[in-house]
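Work through the exercises below with the sequence and the model open. Try each task before reading its solution.

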Amino acid sequence: MNFSVHNTPLDTPVPGTGSTAGTAPILELRDIRIEYKGHEVVHGVSLTVQRGEVIALIGPSGAGKSSLLRSINFLEQPSAGQILVNGQQVQGQAGRRGAIARNKALATHRRDVGMVFQQFNLFPHLTALENVVLAQVHSLGRNKDEAVARARQELAHVGLTGHEDKYPAKCSGGQQQRIAIARALAMDPQLMLFDEPTSSLDPELGVEVLNTMKRLASEGMTMLVVTHEMHFAEDVADRVVFMADGAVVEEGPAEQVMLHPASERAKTFLSAVRGR
Amino acid sequence: MIESVLAMVPEFIPGLGISLLVTIASLVLGLPLGILLALGSLFAARPLQYTCIGLIELGRGIPGLIMLYLVYFGLPQMGVVMDALPASIIALGLMTGAYTAEIFVAGFRAVPQGQWEACGTLALSYWKSLRLVILPQAIKIVVPPLIGWTIMLFQATSLAYAISVPELMSRAYNYASVTFEYALAFTLAGLMYLAVTLLGLWLFRRVGGRRRSLSAAKVAVPAGA
């Protein structure tokens with residue numbers, strides 16, 4: 001079965017983009033398939049993301065949302081399909097169960113794509129500042145002073161001035177996730193991926209993170225967010241993609257999908273999560 | 001009895017010194033070997049990986065005494081002759097390599113996959129990820145079991161008595177065989193091993209204020225995923 005909906009590229013230029021708008025989307029997924037041990041969990045999904053767009057990926061657990069998101073920077077190796085960034089196909093090869101880039105093209109691609117994880121994945125042996133500095137120096141090759149200055153700036157950006165020298169263990173979950181966001185932002189990504197960024201936080205701390213993400217969205221960051229936060233999807237996302245059973249069931253402007261879903265599957269899901 | 005003890009102590013102290021020397025030298029030789037074997041058995045390409053795993057199992061599977069005899073009596077048949085002291089250090093060093101390799105493997109494995117993924121998405125290279133992120137966390141995890149091994153090793157140095165290294169056990173045996181005060185000599189030697197072990201553990205706890213930050217650091221990586 002293949003329910004994939006191909007999103008036709010926008011004909012009209014996207015507001016806020018430069019003169020090259022409309023030439024190539026920042027990210028294009030073509031017929032992505034993902035397998036686990038011979039069992040296909042994503043059945044050929046295509047998706048186009050324009051610069052500055054905020055897309056919420058919603059749907060029930062096991063729908064393949066996280067797998068799809070992780071395949072964008074090859075933490076999951078797609079078994080078929082293409083990933084294009086600015087119209088250029090990315091050839092990704094990663095080792096150690098998908099973690100470390102095996103080829104230069106993938107390393108370059110990953111520097112352009114920031115990733116925020118559900119479990120934060122901060123480096124516990126480093127302070128907040130050092131967490132944000134590390135990859136600037138050792139991946140981008142920035143000099144130390146520049147990297148430190150930038151790290152302070154990004155920590156301030158996510159509202160963590162004064163917490164630079166704290167270790168992650170001394171920070172709340174919401175602070176830890178914001179450090180993780182600062183760490184990703186310091187790499188100057190063109191696109192940010194969020195994999196259920198608030199799912200391991202209690203609601204009060206989740207709000208801090210969601211507000212930070214809202215701010216990023218309003219600043220024009222291109223974002224792809226796997227989330228169970230329906231308010232975020234409704235209020236912040238430009239477009240909502242609803243997935244179930246490894247395929248895109250429905251996608252469209254946030255208001256349309258969230259308030260007037262066309263498919264039965266989306267209607268059932270939304271009324272169930274709203275009913276809570 | 002007091003006189004006997006007072007007579008023994010100065011005889012035994014140099015033996016204790018040699019026991020400590022063998023322990024430390026075996027660690028100096030064995031720990032780098034352990035790290036190399038662990039890295040090889042975890043991350044190397046197939047043939048090397050299997051070689052490392054084989055060496056670890058071999059080192060852990062052969063009794064310490066046989067290892068000592070192999071190095072001291074076996075190697076001379078192949079033209080490698082050495083004194084008892086270096087032979088004991090090499091034999092116990094090899095054992096240390098094999099046993100600590102298992103500890104290091106467990107330490108590397110205990111670092112969550114999410115740490116590798118964070119490194120990967122920040123486009124850090126393999127070696128930078130290992131050196132800057134994985135290794136520092138693995139080291140913290142392995143400190144307590146390494147202390148445990150060090151205590152085992154210190155006590156295992158008494159095996160070197162069998163190839164007449166003049167360590168604490170040898171001194172006790174030699175002294176007793178002349179004076180026939182076996183019970184007293186071995187009790188005193190045993191107490192000296194115990195005292196050094198307890199002193200070592202106490203020092204470790206004093207210096208090991210880091211252990212608390214280790215358990216705190218673990219909290220930073222939520223379970224699950």
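**Exercise 1: Chain B**

Task: State the order of secondary-structure elements along chain B.

Solution. Read along the sequence, chain B runs α-α-α-α-α-α-α-α-α. That is nine helices and zero strands. Helices (H or I, at least four residues) and strands (E, at least two) are DSSP runs, numbered from the N terminus.

A note on the model. It is predicted: local features need pLDDT of at least 70, side-chain atom pairs count only at pLDDT 80 or more, and totals for chains, interfaces and linings use all residues. Residues are numbered from 1 along each chain as its sequence is written, while chains are lettered from A and ligands numbered from 1 in the order in which they are written.

Next, the dimensions. The C-alpha atoms of chain B fill a box of roughly 70 × 45 × 25 Å along the principal axes. Of its 225 residues, 39% count as buried (20 or more other C-beta atoms within 10 Å of the residue's own; exposed means 12 or fewer, partly exposed in between; C-beta atoms are placed from the backbone).

Then the record. An unreviewed UniProt entry lists "transmembrane region" for several stretches of chain B, including residues 12–38 and 183–204. Such annotations may be inferred rather than shown by experiment; positions follow the numbering used here, and feature names are shortened. In the model, residues 12–38 of chain B are 100% helix, with end C-alpha atoms 37 Å apart. Residues 183–204 of chain B are also 100% helix, and their end C-alpha atoms lie 31 Å apart.

**Exercise 2: The sheet of chain A**

Task: Give the strand order of the open sheet in chain A, and explain why β8 and β12 each have one side without a neighbour in the sheet.

Solution. Six strands line up as β8-β9-β10-β3-β11-β12 in chain A, with mixed pairing. Strands pair if DSSP finds at least two bridges between them. β8 (113–116) and β12 (247–253) of chain A stand at the edges with a single partner strand each, so one side of each lacks a neighbour in the sheet.

β8(A) pairs with β9 (residues 191–195) of chain A in the parallel sense, over four bridges. Here A:Met115 stands opposite A:Leu193. Helix α5 (residues 173–185) of chain A lies across both strands, at about 170 degrees to β8(A) (axes are lines fitted to C-alpha atoms, for helices over the stretch in contact; angles run from 0 to 180 degrees between N-to-C directions).

**Exercise 3: Core and interface**

Task: Which residues have the most contacts inside the largest nonpolar core?

Solution. They are A:Leu57 and A:Leu193, in a core of 93 residues. Such a core joins buried Ala, Val, Leu, Ile, Met, Phe, Trp, Tyr and Cys residues through C-beta atoms within 7 Å. Beyond four places in sequence, A:Leu57 contacts residues including A:Lys65, A:Leu69 and A:Met243 (contact: C-beta atoms, placed from the backbone, within 7 Å). A:Lys65 and A:Leu69 are buried in α1(A).

Task: How many residues of chain A are in contact with chain B?

Solution. 27 residues of chain A are in contact with 26 residues of chain B. The largest share on the chain A side, four residues, comes from α3(A).

Technical notes:
Contact = placed C-beta atoms within 7 Å.
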